[in-house]
Each structure stands twice: as structure tokens, then as C-alpha cells.
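Welcome, and thanks for taking a look at this one with us. Please load the model in your viewer and keep the sequence at hand as you read.

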Protein chains: 2
Amino acid sequence: MLKTELFTEKQQQLAQLARALSHPARIAILAYLAQSSSCISGDISNEIPLSRTTVSQHLTELKKLGFISGTVEGVKVNYCLDNARLQQIKSELDVFFNSLLANPNPQCNL
Amino acid sequence: MLKTELFTEKQQQLAQLARALSHPARIAILAYLAQSSSCISGDISNEIPLSRTTVSQHLTELKKLGFISGTVEGVKVNYCLDNARLQQIKSELDVFFNSLLANPNPQCNL
DNA sequence: AAATTATGTCGTATGTTTGCGACATAAAAT
DNA sequence: ATTTTATGTCGCAAACATACGACATAATTT
């Protein structure tokens, strides 16, 4: 029943990036990683009011789209924001919004 | 089973904005409105490979978050991007990404 | 080698989204 | 007044997302 394949690659890609940000837990995880000084791993579960399992799944989704990386360090995993990738995503969103705002339609916003 | 209420207003708000962009049909609709010269209404259904019903629902979602406005004009409805609101949304996303990128963690990206 | 600690994956229940046909409404044309 | 045209809403089915307990794995510690 899903018809996403009927749209362009670019459209699907943008939609996927947006989807990654479409849950407050994932926003919270990104914000936490940004302010934590030490790439803390599963302690994230303690900072987020959800079970470890659920946090782990959200981390997996963020990893899938490249927002974060997780490097194994013995028994622990250090999760980090991927700053280069974030910069790139930010810029893709920017390009999209700029394209929306580029040609204001004279018949609109009268 | 949903626990979105456990997160901050700001986090929920951002997640909702992102959710509005999380389907390629909605991206396509925004892109179409940006390049169409005449605020065309339900002709959008003809430009998007989905039924009129489904397009109407996507339009409703975009309206709910303020991305677009729909003004009745006789039998037709003129859909328009809300440029001021788009600018605002763009800036909210920007602020969020900047907050993520502001304090690069020295333990990451080594 | 057994216990501990940190993580990840599986199964599953419940909730949400997507997509569309069928029906409802309401302005405009005949 | 009836028909046509443009839209919107309802109700349902299929797909997807969210959440978590229970089990699996694998590096450290004892």
C-alpha cells in the first residue's frame, strides 16, 4: 500500500532525513550527545525516559542515516554525533527550503 | 504506548515539523507549489501519483503545521506556500542544527 | 571458568500512517 | 431546479512505527 517508490530519489532521501528527526526521543538523543562531554554510550538510556531496548532502536535509526556513529570500545560503545554528516544534512535541508522560498508566487501571500 | 509527552515542548514541536516533511508526497507537494505559477488547487492531484483523497489528506497535514494555506475561491481552493512560516521553520531547524554543531566533542571525530 | 557488565536482537502488543473508494457538501453552469 | 465541478470527510485495510521484556553475545573481572 506504500507508494514511496513513485517519487524521485531526492524526494525520498529528504523524507527519510526528516523521518529520522520525527520522534522527540531521537531529537532528545541528538541534543544529549551534543552537550555530553564524553561520548557516553548506553548511559543514554538513563538520560531518556524510555527502556534501554527502545533507546537502542532509536540509536540504530540515527546510525542508519548517519547522524551518529557508534564505535565499540571494549564492552562499551561510544556514540558520537557525526559533525560532518550533520553539516551536510543541514545543508540539504537548507537547499530544499531555499528552493521553496526562491520564487515567491505573486498570486500568494497577497 | 506512545510516550511523546515525556519530552519537552520544544522537542515535540521540532519532531512534528520534521514529521510533516517525512513523506515524499508532502515534499513533492511543497516543491510543486513552489514552482507552479498559479497557486493551483486540486490540480495537484493530477501532478502527484496518488488519489485525490490521499493528496487532500497530505494537504491537510501540511496546513495543520502552517507550511501552506488554502483559501477558498468559489468552487476551487487556492493552495499557497506560507513563505513567512517556511522562513520561520527553516530558522528553527537551523537553530537546532547549530546547537548540535556548536560544541564539538573532543572525544569524537578523532 | 564462572560471574558481571554493556550491548544488541527477537518476538510481539499496541498505536499511527498511508491510501483509497464511497458518500457529503457547496458553488457555478445549464 | 438540476447537473456539473471542485473539494472535503468517513470508514476501512494494509503497512509501519513504537515500546518493551526476554534472550543472545561478547568483553572484563573475579
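How do the residues of the lining of the largest cavity divide into nonpolar, polar and charged? Nine are nonpolar, four are polar and none is charged. Please keep in mind that this is a predicted model.

## The largest cavity

Searching the whole structure turns up three cavities of 30 Å³ or more. The largest of them holds about 70 Å³ of space. Its lining has 13 residues, and those closest to its centre are A:Leu33, A:Ala34, A:Leu81, B:Asn105 and B:Cys108.

Two elements of chain A, helix H2 (24-35) and strand E2 (76-81), are the ones that give two or more residues to this lining. E2(A) gives the most, with three residues.

## The second largest cavity

From chain A, its lining takes A:Leu100, A:Asn103, A:Pro104, A:Asn105 and A:Cys108. From chain B come B:Leu33, B:Ala34, B:Tyr79, B:Cys80, B:Leu81 and B:Asn83.

Here the elements that give two or more residues are helix H2 (24-35) and strand E2 (76-81) of chain B. E2(B) supplies the largest share, three residues. By residue class, this lining has eight nonpolar residues, three polar ones and no charged ones.

## A helix pair between the chains

Now turn to helix H5 (residues 83-102) of chain A and its partner H2(B). Their axes come within 8 Å and cross at roughly 35 degrees, and the crossing is left-handed.

Which residues meet where H5(A) and H2(B) are in contact? On the H5(A) side they are A:Phe96, A:Ser99 and A:Leu100, while H2(B) brings B:Ile27, B:Leu30, B:Ala31 and B:Ala34. Six of the residues in this contact are nonpolar, one is polar and none is charged.

## Chain A as a whole

Stepping back, chain A has five helices and two strands. Followed along the sequence, they give the pattern α-α-α-α-β-β-α.

As for overall dimensions, the C-alpha trace of chain A spans about 60 × 35 × 25 Å along its principal axes. The radius of gyration of chain A is 17 Å, whereas a compact globule of 110 residues would have one near 13 Å.

How values were computed:
Residues numbered from 1 in each chain as written. Chains lettered and ligands numbered in written order. Predicted model: local features only at pLDDT ≥ 70, side-chain atom pairs only at ≥ 80, totals over all residues. Heavy atoms only, no water. 1 Å grid on protein atoms, 1.4 Å probe; cavity = no way out; pocket = protein on both sides within 12 Å on 5 of 7 lines; lining within 4 Å. Points joined across faces, edges and corners; volume = space filled by probe spheres on them. Helix = DSSP H or I, 4+ residues; strand = E, 2+ residues; numbered from the N terminus. Nonpolar A, V, L, I, M, F, W, Y, C, P; charged D, E, K, R; others polar. Axes fitted to C-alpha atoms, helices over the stretch in contact; angles between N-to-C directions. Left-handed = near helix turned anticlockwise from the far one by under 90°. Contact = heavy atoms within 4.5 Å. Rg over C-alpha atoms; globule rule 2.2 N^0.38 Å.
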